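Work through the exercises below with the sequence and the model side by side. Try each task before reading its solution.

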Amino acid sequence: MKKYVPISIALFTILFLAATILTISPLFARYTPSNGVVKQTDNGSILLPKTQRSGVLREFYPSLLPQTAVKGNAPSSLAVNADPVGQIRITEFAYNGAGAANEFIELTNTGTAPIDLTGWSFDDNSRVAGSFSIGTFGVVQPGESVVIAEASAAAFRTAWYLPTTVKVVGSNNQNLGNGDELNIYDASNTLVDRLTFPNSSTAGATVFTNGVSAWTSQSNLGTNTIANWVLSTVNDAQNSYASVDGNIGSPGGYYTALNRVLVRITGNTTTVAEGGASDTYTMALTSQPTANVVVTITPGSQLTTDVPTLTFTPANFSLTQTVTVSAVDDNLVEGVHSATITHSATSSDPAYNGIAVNPVSVTITDNDVAVGAPPTITVAGTTTTYLSGSAISGVINDPTDPARTLGIDFTLADTDTPVNNLTLTASSSNASVVPNANLALAGSGANRNLKITPAGVGYTTILATVSDGSNITSYTISYAASAASTTTSRFHTGASDASTAQALDADYMLVGDDDNQVLRLYNRANSGLPVNGFDYTSSLGLTDISGGVPRQVNIEASARIGNRIYWLGSHTNASSGATRPNRNRLFATDVTGSGASTTLSYVGRYDGLKTDLIAWDVNNQHGLGANYFGIQASAADGVDPEATGGAGFAMEGLTVAPDGTTGYLAFRAPISPASNRTKALIVPVTNFTSLVSGNPTSGSATFGAPILLDLGGRGIREIKSNGNGQYLIVAGPSGSAGSDPNAFKLFTWTGNPADPARQRSADLSGLSGISGGSSIESIVDLPATLDATSSIQFLMDNGSQVFYNDGTGGKDLSQNNFKKFRSDFATLGSVQSPDLSPTLILPQAAFGTSSPDNVRNFVVNLFEAGGVPTTSGSVVITITVPAGYSVSFNSTLTNINVTGGTNNPVAVENSKWYVSNNVDNQQITLTMNTGQLIAANATAVLGFSATRTTANSGSVSNITVNVSNDTTQTYDGNSTNNVYARIISGL
């Protein structure tokens, strides 16, 4: 039998090789240069991605194979039907650069199975899981790359020309620095990947991602070895390119080339000369389209191109096509200047139709020789302080828009041409935002003025150009316009997150910002920049640093006593729940001077309020029971300040008690008490004025009896006193705003803990923002007497509002002068009170003489008609039956069959009430339980039984329901509809 062994071995080998070839053949048969998808087939085979670099397969991706199929950098065997496994790795990052979209982290699923990133998070070198949520990425497919960005998602896409297929989580608040760390955590807070990079000054450091990203090969992923990472260069192996702001990288496409038109700059620069050298650049598509793609080239007035369009077909899409650029040879002396070629793509393939295409910046060498000296143009010192000439934000139809009403003053000069012979012209690059006709020039000689009137929303570049006949000089203004608002709106620029204000007089106010520590001095009646600013970052002992910059104090409230203003941080965690110790600040400044000449001087600070409040509550120093308010739990690390149900912790109001020295700390959250979160909390600080004597002050705060106000389940977002025993409260949700009960409302209060707060009828709908994204943050000032006609000025926080139709919220704008917040007015309105109107439902009202016909079940409906919820546990009603009858009420009843009714059983809410008085079973008084209320425009339903006892046959009388007289108007302010009677009869 031995002579058959070689044949058996040979046959077995042939069969094994055949099976192996059949198994792995899809790897080669199904790969083409036009195939850009990394997939695993149903039988476990791997489809490789295109490289788009040389038309042939350069690199095998072992990380995309099941782990059992990979050994080293090449496959040693292929496991059929191996369980697919997903794996997230950091594949590219940048920490700094030009513009707002300069910082990002790219993550890629290098595994073979999808991964759901719900519950995942990112942090920098503080290594705290949950610091910044990235769960909205959702499911990430094998080979898919996603991006974490410091800018908003919309702004990042715009800056990097990203298609919507690339997932971006924006507004990352864990900012990176020069020398930092990237940490990715899964839903169980387990570290998934980490990359540590050194400061650029560290000996041997090679990766310094300032304006350029870094990436690494697949074999180095997940190793935390920064030395093996490389900086991106234009057109490198990752197809890196320049963003709008000039940063170099390729976010969103580590494995799979994105659908895009690749613009490759010859020699990384494009330089031409008037009457001389031209230059070239090339274009190609990164993936095969389903239809022709036509790229239209727009060179502008300074350049020409040899072709107006390029057409890419499904057959030639990857072949580069060349564009030759030449300069227009004009007669103007411009020196070395620049121009931009823009592109647009059209196609019946939706993947390419309208896709963003990188522009090309061209440097132009001028061939014109100056005749004499060129003229000069500078912004004159007479220009209003409400404007900065280089970057201006306007508002359509704003009657106080300083660029429209005051304009920019220019000074013209020329050493060899009389200034009266100089010509000044102005032009706008975007006529839809500012047409040239809306640029008004005035003045003569050396003194000129330019006024700008916006016509549409968006951005434009305005050039003010002075010519002496042979030489020109231009002054460039970056301009942005936002939509019209009300005639009383003012838009104060330079910041977008206004959070608190103190009026200095009728004209000026100091404004705090929850995004930094600068207190800005603004004109209350005019739009525009502040006239001054005072930055206290260095005074506040801020130890929580991110990216080399202290995290914000999150200033949310202020109060003034004499010439001293007290400023209060929110004392909150981050929205992720991460602790933010810099926010635990109370500090004071003293005011000197007046109006536009006002100055501030720093006094001192206190950092221990949150610690003191926790001890006060935990140790029952208020006498209501340990942890009555649950402050320790609400302020704990990991708790979102906007936690559901008002369970978070945030201070957003500060004012002075009627005694003139005690401070009232007012809370957005927690809604209190912890066992029944229905009321807003105010805590008096009796030694308030002495807490800011040091830097920081030692000792501890002392607290008075806590005050609970019924604001319809809302917290306090602002509180201010006029010093005459009248307080105005802006009440709002502890979480996100919405419809009632999460809508903002105004309440007035006496400051007396025993008195209730009164809701006012003010219409606040006009303060919600032009396009959403704003919230009422501050009361600027109160008149000496508050009444229904009082007009109150408010500030809005517009940090999330998109002003310029670019998808970027105010706080994320890279140009500070384009940031803005709004002030506007609302009329206080009359006091609003609940209005309960009762009805009694008893279809069969004739009572027999014996059971069961002598008993009738009925319901009472209590409808709140005033649009104001009742105060918790305050409602009192009486039910009265005539002589010869009795009435009963069962507090455990959840439904009842109404006698003669057609919709039985009827659900009732008897458990929310108790019998507080009973007179011979003929009149019972019901009181609503503590913690229960009747919501605005809601109906409370109660079930009763009436029994005929001794009433005569044929007798006719009434059952009466009465809403008890409410002198405090906490549950009823209208006594005209308080009684309802139902005729009953005895058979």
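**Exercise 1. Strand S67 and its partners**

Task: Determine how many residues of strand S67 are buried, and find which strands pair with S67.

Solution. Step 1: Strand S67 covers residues 923–928, and five of its six residues are buried. Buried means under 20% relative accessible area, exposed means over 50%, and partly exposed lies in between (1.4 Å probe, protein chains only). Strands (E, at least two residues) and helices (H or I, at least four) are DSSP runs, numbered from the N terminus.

Step 1: Strand S62 (residues 876–880) is joined to S67 by five bridges, and the two run antiparallel. Two strands pair if DSSP finds at least two bridges between them. Within this pairing, Ile879 is opposite Ile924 of S67.

Step 2: Strand S66 (residues 913–919) is also antiparallel to S67, with six bridges. Here Tyr914 has Thr927 in S67 as its bridge partner. S66 and S67 make a hairpin with three residues between them, and Asp920 in the turn has a positive phi of about 55°.

A note on the source: this is a predicted model, in which local features need pLDDT of at least 70 and side-chain atom pairs count only at pLDDT 80 or more, while totals for chains, interfaces and linings use all residues. Residues are numbered from 1 along each chain as its sequence is written, and side-chain values use heavy atoms, with hydrogens and water left out.

**Exercise 2. The largest cavity**

Task: State the volume of the largest cavity and describe its lining.

Solution. Step 1: The whole structure has four cavities of 30 Å³ or more. On a 1 Å grid over the protein atoms alone, a cavity is a set of points where a 1.4 Å probe fits but cannot get out, and lining residues have an atom within 4 Å of a point. The largest has a volume of about 90 Å³, where a volume is the space filled by probe spheres set on the points.

Step 1: Its lining has 18 residues, and Tyr386, Leu387, Ser393, Thr493 and Gly528 lie nearest the centre. Strand S29 (391–395) and strand S36 (490–493) each supply at least two lining residues. S29 gives the most, with five.

Step 2: By class, the lining has eight nonpolar, seven polar and three charged residues. Ala, Val, Leu, Ile, Met, Phe, Trp, Tyr, Cys and Pro count as nonpolar, Asp, Glu, Lys and Arg as charged, and the others, Gly among them, as polar.

**Exercise 3. An aromatic pair**

Task: Classify the ring pair of Phe649 and Phe667.

Solution. Step 1: Rings of Phe, Tyr and Trp (its six-membered ring) pair if their centres lie within 6.5 Å; planes under 30 degrees apart count as stacked, over 60 as edge-to-face and the rest as tilted. The count by this rule is 29 aromatic pairs.

Step 1: The ring centres of Phe649 and Phe667 are 5.7 Å apart and the planes are at 65°, so the pair is edge-to-face.

Step 2: Phe649 lies in the loop between helix H5 (631–634) and strand S47 (650–656), and Phe667 lies in strand S48 (residues 663–669), 18 residues apart. Phe649 is buried at 2% relative accessible area, and Phe667 is buried at 0%.

Terms used
1 Å grid on protein atoms, 1.4 Å probe; cavity = no way out; pocket = protein on both sides within 12 Å on 5 of 7 lines; lining within 4 Å.
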